[in-house]
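Dear colleague,

Please find the structure below, followed by a summary of what was found in it.

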Amino acid sequence: MKQKINDVLKSCAAWFFAVIWITSIIYLLITGNGVIGSSAFALGVLVFSAITVAITKDEAEISTPETRKPILMWTQLLVVLFFVLLTGYRGFVFNMMPGRLVQIPIWSLFAGWFENLGGRYLPNLVDHSPGTNAVNFAGYFLIPLILLLLLGARLPELGLGKGHRVWRVVAFWVSIPVTFFIINILNGSTTLIQLARTFFGNLLRNGFSEEFLFRGALQTRLKQWMSSDWALIIQALAFAVWHLGTDTQFMGGDVLQGLALGIASHSMLGLALGIIFQRTRNLIAPSIVHVANNMFGS
């Protein structure tokens, strides 16, 4: 563990992230916003991430073929970035301009078809918005996956292969949320069926789908061109910016404050989920932790 700490202290990527995160905290303070929650969350993330590293092995990191043609590698990365931008734009419009339809050639046809499909088959399985569940699952996971496989990617390198100490990491990260859920069931605040529907709905529209897009696809494609440290940091910051609409809405419409909030909170979550993915070698653990975090936070 001491060597790991030294490696982090020597990492330019880690210092780059730290400077950006601290800058966002300072900006929030200057603009009169509280930062206790974000700071406490960041501290918890760092402690839990350090323990995650301690209970997993270094050789757990996913490797990608070194013989792949550069043109395929670039094309895979561009495909992932396209879907990150596309879905991020849709999310921004959805949160900042409620009721406005986002018409994007070709994509809108696919989205409409999946929305109808979700509305037909998912209402009894998810907590709300069955159409959105289906559209998100398609846009974050299904379509990008198909395109990446056609471009030569393999399932294990996308986080869809054998994992490493997955359930140990899951049990550690979800211990607090699960305790909270059990208490809520016992006091009658919710039921097991309601929790199951919420879990499955969150898994489709956020948890697993977002984990594939950012950890399984983006983080691994970035790693083909840079070190693991930089791939981890960039995907975490991209994850924060991708939530700009949600965070800006929370900050009353101020985009800069929304961006600062996203970096202070969502980038730390993205960092933690990236570390979990990196250390467990597949998407099961980060997906479950992501869903548990969303359910606990709501």
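At 2% relative accessibility, Val 93 counts as buried (under 20% relative accessible area, with a 1.4 Å probe and protein chains only; over 50% is exposed, and in between is partly exposed). Val 93 belongs to helix α4, residues 70-96; helices are DSSP runs of H or I with at least four residues, strands are runs of E with at least two, and both are numbered from the N terminus. The C-alpha atom of Val 93 is separated by 9.8 Å from that of Thr 246, 153 residues apart along the chain.

The model is predicted: local features need pLDDT of at least 70 and side-chain atom pairs pLDDT 80 or more, while totals for chains, interfaces and linings use all residues. Residues are numbered from 1 along each chain as its sequence is written, and side-chain values use heavy atoms, without hydrogens and water.

The protein has 12 helices and zero strands, and 47% of its 298 residues count as buried. Its C-alpha trace spans about 55 × 50 × 40 Å along the principal axes.

Helix α3 (residues 36-54) and helix α7 (residues 166-186) have axes that come within 10 Å and cross at roughly 160°; axes are lines fitted to C-alpha atoms over the stretch in contact, with angles from 0 to 180 degrees between N-to-C directions. The two helices are therefore roughly antiparallel (over 145 degrees; under 35 is roughly parallel, 65 to 115 roughly perpendicular and the rest oblique). In α3, Val 45, Phe 48, Ser 49, Ile 51 and Thr 52 meet Val 169, Phe 172, Trp 173 and Ile 176 of α7, where contact means heavy atoms within 4.5 Å.

Yours sincerely
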